[in-house]
Amino acid sequence: MRVKQLAVAGILLLGVVPGVAAAAPAGQGQVESTAANGWVGTWAAAPAAGVAGTDNGYPNFSIRNIVHTSAGGHEVRVRLSNAFGRTPVLFGRVTVAVAAGPDTPQAVPGTMRTLTFGGDREITVPPGADILSDGAALPVPRDGDLLVTTYTPTPSGPVTYHPLAMQDSYFTRNGDKAADESAAAFPEKTAVWHYVSGVDVRGAGLQGSVVAIGDSITDGANSTRGANLRWPDQLADKISARMGVLNAGISGNRLLLDGGNYGVNALARLDRDVLSQSGVRTAIVFEGINDIQQTPHQTDPNKIISALKQIAGRAHDRGLRVLGATITPWKGWGSYTPQLEETRQAVNRFIRTSRLFDGYIDFDAVIRDPADPQRMKPEYDSGDHLHPGDKGFTAMADAVPLRRLK
């Protein structure tokens, strides 16, 4: 197979070499250019781990992942990941289609596209690698669902996945059904996303994307399942149609330590999940509570601050605008202590007062209870005192200054 290859931040680019966001020639945080080659990320899910018990992979499986777009366009390409695989994985066919409705593997008739990779339908992906497909002409709706289906004919493994989808997807163990439009071909459900880690679109007037790197609160834990009410989703509903919003949250993720299914630490995954995203202009950094509340507890705010400095510096070096977000209240959660609360407050003071970021989003101030500022407002609390519910996510999305994202 004759293909052009270029390694960019761990991603193997095949066929016509697609672009990544270029560093702005001006000072830090001043991003003026549109996405290189016109590609803009419309959806993303950060690879977190390999599925337990899949050392043999998913031979003969077709998995139909349901993903929700932020920006629309007239051309689409898909990013697949073998980040946590230990052997190569063969994709025998990969397709994309417009979903016929919410929570269904049924495709809109006539929208099914078989994707190619450097002109070839099949591709073998090495362990640790991500790939991008060639572009395919398809009217992609803004704020709609796409079906990304992978067929893996042979053993591989472990299978790279994103554990907390808050969205059902579908699969079959019975061979290549990737091009089937019918829902009947996919009789089984899964609560996670397998292999697929991103979708890009190209269309007139698209300006770029915003990437939110975070933990379970960004991942949408405890939001209404299948409703796309995570705070980045609700931000996408408010932002200009010319921009995509990408969710790089992983439940349980930390700044300083790896965590099994919680993904590698934020510094280790920054290139893959943020800096290499198509058309990225702005990064929103909302991490730190798990470093504080998980065992071993991080009681030194300076170590968390040091990691935030690294993230901001590396993003600025790529010409990105960087917004920091304050850590939200958590009193009432099982591991809460006054000492650990002091760590959170110290980190938040830094985010508010330093000049590290190009601006900050005060999520803490927006959802805390004025009568007990260490707690969330009851109407925003999902019930566990750590994760906001749908209304809390609405308040968080409303707090993002849209003028700083453009």
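Predicted model: local features only at pLDDT ≥ 70, side-chain atom pairs only at ≥ 80, totals over all residues.
Residues are numbered from 1 along each chain as its sequence is written. Local features need pLDDT of at least 70 and side-chain atom pairs count only at pLDDT 80 or more, while totals for chains, interfaces and linings use all residues; side-chain values use heavy atoms, with hydrogens and water left out.

**View 1. The two domains.** Domain 1 covers 51–199 and domain 2 covers 207–405, with bounds from an automatic or database domain assignment. Their C-alpha centres are 28 Å apart.

**View 2. The contact area.** Contact (heavy atoms within 4.5 Å) joins 24 residues of domain 1 to 26 residues of domain 2. The two domains bury about 1800 Å² between them, 40% of it on carbon and sulfur atoms; buried area is the accessible area (1.4 Å probe) that two parts lose on being put together, summed over both. On the domain 1 side, R79, R142 and M166 lose the most area to domain 2, together 33% of what that side buries.

**View 3. Salt bridges.** Two salt bridges are counted between domain 1 and domain 2, each a side-chain nitrogen of Lys or Arg within 4 Å of a carboxyl oxygen of Asp or Glu. D130 and R272 form a salt bridge in which the closest N and O atoms are 2.6 Å apart.

**View 4. Strands on the domain 1 side.** Strand 6 (73–81) and strand 14 (160–162) are the elements that give two or more residues to the side of domain 1 touching domain 2. Strands here are DSSP runs (E, at least two residues), numbered from the N terminus. Strand 6 supplies the largest share, three residues.

Technical notes: Helix = DSSP H or I, 4+ residues; strand = E, 2+ residues; numbered from the N terminus.
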